[in-house]
Amino acid sequence: MRRPRTLALAVFTLLNVFTLVAGLTVARMLPARLARLRIPVAAARPVVNATPVLAPVPASAAPEGSAAPAARPTASGLAAVLGRALPSAQTGAGVGIEVADAQTGRVLYADNAATPAAPASTAKLVTAAASLAVLGPDARFSTTVRQEGGTVVLVGGGDPTLAVNAYPSSDYPRPATLAKLAAATARVLKTQGRRSVRLGYDTALFGGPGIAPGWSAGDITSGNVTSIVALEADQGRLTPGGALEDDDDPVNYRPRATDPAGMTAAAFASLLAQDGIAVSGSPRPTVAPASAPALASVSSPPLVEILEQMLLESNNVIAEDLARHVAIALGLPATFSGAAQALETELRRLGITTPISLVDGSGLSPRDAIAPETLVRLLKVAADTPKLRGAITGLPVAGFTGTLSAGMSDFGGIGGLAGGAARGVVLAKTGNLATVASLAGLVYDRSGGLLLFAIMAPRVPGAGGLQQAADAIDAAAASLAACGCS
């Protein structure tokens, strides 16, 4: 027994010696190590005075690579470059153009600028500005479930981005979903002891026909739009198998739903069943009494996010829904005619009295008419008004986003806005119909000045010439980006 005790004592002694030596070594190292850490402390007084990183550029300085300052555009200079870029053989007769200084609003060049012409999707600029002015950037649209006894009613709130299920994680903005609404509805019904209900659906928020004057059945079968109703999911976009798509795919040109409200209600019934609530019979159209209590609701993203999606994709369904919300807010019927009247009324309230005549909110109808000068004035008001700024910031950027990126429309080709001087410095809304091509937006010229412009070709020579006309308008906008044009 004595020997193990002696061994243990020796080991203990050695451990103590090792610990003491290690501690002394670390102690000697600590001051240097701690000095390197430079633990932050609050200074009693400023230790650095900020100075400009770069000296100011003199007003007379020339752009890199040039011998003289870039001149601001003149009417004669603009006429020369735009005339070369817009030959009538490509664009057709009657092209309307206006170019203005964004800071002052002074018109620098105009040709047929006061003549109304079919705007195609540049009309969405009107819908964007009017909806921001009337509803505000933070407005949201709710889809609600109300209950009347053993019946629940899915009430459409005109949410243009409502989806059945969650979109892919890469999609923006994130829409409200029927799946979330069904789950919340099922939870409330189960607390009532209900496991079975009848289902109705209410589209009464919007009225009138679902197709605007000038639209055709081909607009639905080509995937451009669906019938406009207050309750529809996925904007009526369908998978190859005919189901609602659950994906924001702007190049899905398959035929859209012919009964978007009925398909949306059927999808909601299936989701209720998945959540343990059986639906007796088929969903039926109805009108929910205003007194019927709400069981659950979901809300859209903010309006400013929805507008960006509309402008980038040139989304017709979003435009038409928003135009109707403007009509409702102004006390007008939520129909095509009421929405068109509301948009025109709001433009006048914004001080824009130049020519405009609309029959829809998307520009899909060839019966719409807007003068180039109207679009330029609208851009000026939007740029100068913080509340309306989303109509500018949501625009496609040449070569990068939306319908000005390669392959996303007839515009934005590599030889035009997707490359060269225009890339990244042109922000504009595109528009095209069978024989109409238009572009309106903002561009930084070679001097760094900001220009507003609208170019409208309403009589493209034949549907087969549309791409040539778009290419010419691309080239014209690109020439503004490269412009000294004195």
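Which residues of helix 13 are buried? The buried residues of helix 13 are Leu-466, Ala-469, Ala-470, Ala-472, Ile-473, Asp-474, Ala-476, Ala-477, Ala-478, Ser-479, Leu-480 and Ala-481, where buried means under 20% relative accessible area, exposed over 50% and partly exposed in between, with a 1.4 Å probe and protein chains only.

This is a predicted model, in which local features need pLDDT of at least 70 and side-chain atom pairs count only at pLDDT 80 or more, while totals for chains, interfaces and linings use all residues. Residues are numbered from 1 along each chain as its sequence is written, and side-chain values use heavy atoms, with hydrogens and water left out.

**The chain as a whole**

The protein chain has 13 helices and 13 strands; helices (H or I, at least four residues) and strands (E, at least two) are DSSP runs, numbered from the N terminus. Of the 486 residues in the protein chain, 50% are buried. Among contacts between residues at least 6 apart in sequence, 70% join residues at least 24 apart, a contact being heavy atoms within 4.5 Å.

As 12 of the 16 residues are buried, helix 13 is largely enclosed by the rest of the structure. Its buried residues are covered by elements including helix 2, helix 3 (88-91), strand 1, strand 11, strand 12 and strand 13.

Several of these strands belong to an open sheet of 5 strands, with the order 2-1-13-12-11 and antiparallel pairing; two strands pair if DSSP finds at least two bridges between them. Strand 2 (107-111) and strand 11 (426-433) are the edge strands, each pairing on one side only. Within the sheet, strand 12 (residues 436-444) and strand 13 (residues 450-457) pair in the antiparallel sense over 8 bridges, and Leu-442 has Leu-452 in strand 13 as its bridge partner. Helix 2 (residues 75-85) packs on the sheet, touching strand 1 (96-101) and strand 2, and its direction makes about 45° with that of strand 2. Helix 11 (residues 372-384) also packs on the sheet, touching strand 1, strand 12 and strand 13, at about 150° to the direction of strand 13.

Axes are lines fitted to C-alpha atoms, for helices over the stretch in contact, and angles run from 0 to 180 degrees between N-to-C directions.

| Helix pair | Angle | Axes |
|---|---|---|
| Helix 9 (residues 316-329) and helix 10 (residues 336-349) | about 75° | 8 Å apart |
| Helix 4 (residues 124-135) and helix 10 | roughly 70° | within 9 Å |

Helix 4 is therefore roughly perpendicular to helix 10, and helix 9 and helix 10 are likewise roughly perpendicular to each other; angles under 35 degrees count as roughly parallel, over 145 as roughly antiparallel, 65 to 115 as roughly perpendicular and the rest as oblique. Glu-320, Ala-323, Arg-324, Val-326 and Ala-327 in helix 9 meet Phe-336, Gly-338, Ala-339, Ala-342 and Leu-343 in helix 10.

**A buried leucine**

Leu-181 is found in helix 5 (residues 178-191), and at 0% relative accessibility Leu-181 counts as buried. Leaving aside neighbours within four places in sequence, Leu-181 is in contact with Thr-143, Val-145, Leu-154, Phe-268, Ala-296, Ser-297 and Val-298.
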